[in-house]
Amino acid sequence: MRHGKKFNHLGRQKKHRELMLANMACSLIEHKRVFTTVAKAKALRKYVEPLVTKSKNDTMHSRRVVFSYLRDKYATTELFSAIRDAVINRPGGYTRIIKTGRRLGDGAEMAMIEFVDFNDIYNVKETKTKTRRRKKKASAPAAPEAPATEENNNEESAE
């Protein structure tokens, strides 16, 4: 039975899985987006989001904790500088997973995992007005207005 086994083992032993997730997290931090399978992307999201939350508190202890997970000095520095500045006011949900279809070789579901604040396509600062989805009903053509003449002007001024 699967009682209490919440994470995906990804068909790997524990040490291999930890190293693979640490490597993928470093790649995600460095490039801001990674293409991988859906299962690995979901596992990576659970791995990297607590680290981003930990990076909001820039202390020596939190840097050491994050470094113990990532094992990469450059990725730790990048996380505590550029990514921290972008997500400091976000309450959570730092990453997004977008499914991209199936892989040609084996048909595996592929996905792109990226940091939400580093995508220019989805993060448009100005709000767009919603467009109408229904067509307007065709009404009777409007009657043309009479040209302005002296008689019309005199009638309007008399009223």
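Which helix of the protein chain has the lowest confidence, and which the highest?

## Model and confidence

Confidence is lowest in helix α5 (residues 150–158), at a mean of 58, and highest in helix α3 (residues 60–70), at 98. The score is pLDDT, the predictor's confidence in each residue, from 0 to 100. The protein chain averages 87, and 78% of the residues score at least 70. Where pLDDT is low, the predicted coordinates should not be read in detail.

This is a predicted model: local features need pLDDT of at least 70, side-chain atom pairs count only at pLDDT 80 or more, and totals for chains, interfaces and linings use all residues. Residues are numbered from 1 along each chain as its sequence is written, and side-chain values use heavy atoms, with hydrogens and water left out. Helices (H or I, at least four residues) and strands (E, at least two) are DSSP runs, numbered from the N terminus.

## The sheet

Three strands form an open sheet in the order β1-β3-β2, with antiparallel pairing. β1 (33–37) and β2 (95–102) are the edge strands; each has a single partner strand, so one side of each lacks a neighbour in the sheet. From one strand to the next, the twist averages 25 degrees. Pairing requires at least two DSSP bridges between two strands.

β1 and β3 (residues 109–115) run antiparallel and are joined by five bridges. Phenylalanine 35 has methionine 112 of β3 as its bridge partner. Seven bridges join β2 to β3, also antiparallel. Here arginine 102 is partnered by glutamate 109 of β3. β2 and β3 form a hairpin with six residues between them. In the turn, glycine 107 has a positive phi of about 75 degrees.

Helix α1 (residues 14–31) lies across β1, β2 and β3. The helix runs at about 145 degrees to β1. Axes are lines fitted to C-alpha atoms, for helices over the stretch in contact; angles run from 0 to 180 degrees between N-to-C directions.

α1 also packs on α2, at an angle of about 80 degrees, with the axes 10 Å apart. The two helices are therefore roughly perpendicular. On α1, Glu18, Met20, Leu21, Ala22, Met24, Ala25 and Leu28 make the contact (heavy atoms within 4.5 Å). On α2, the residues are Lys40, Ala43, Leu44, Tyr47 and Val48. By class, 10 are nonpolar, none polar and two charged. Ala, Val, Leu, Ile, Met, Phe, Trp, Tyr, Cys and Pro count as nonpolar, Asp, Glu, Lys and Arg as charged, and the others, Gly among them, as polar.

Helix α2 (residues 38–55) packs on α3 at about 160 degrees, with axes 10 Å apart. That makes the pair roughly antiparallel. The crossing is left-handed: the near helix is turned anticlockwise from the far one by less than a right angle, whereas clockwise is right-handed. Tyr47, Leu51 and Lys54 of α2 meet Ser62, Val65, Val66, Tyr69 and Leu70 of α3. The contact has six nonpolar, one polar and one charged residues.

The axes of α3 and helix α4 (residues 73–87) come within 9 Å and cross at roughly 135 degrees. That makes α3 oblique to α4. This crossing is right-handed. Ser62, Arg63, Val66, Phe67 and Leu70 of α3 contact Lys73, Ala75, Thr76, Leu79 and Phe80 of α4. Six of these residues are nonpolar, two polar and two charged.

Technical notes
Parallel < 35°, antiparallel > 145°, perpendicular 65-115°, else oblique.
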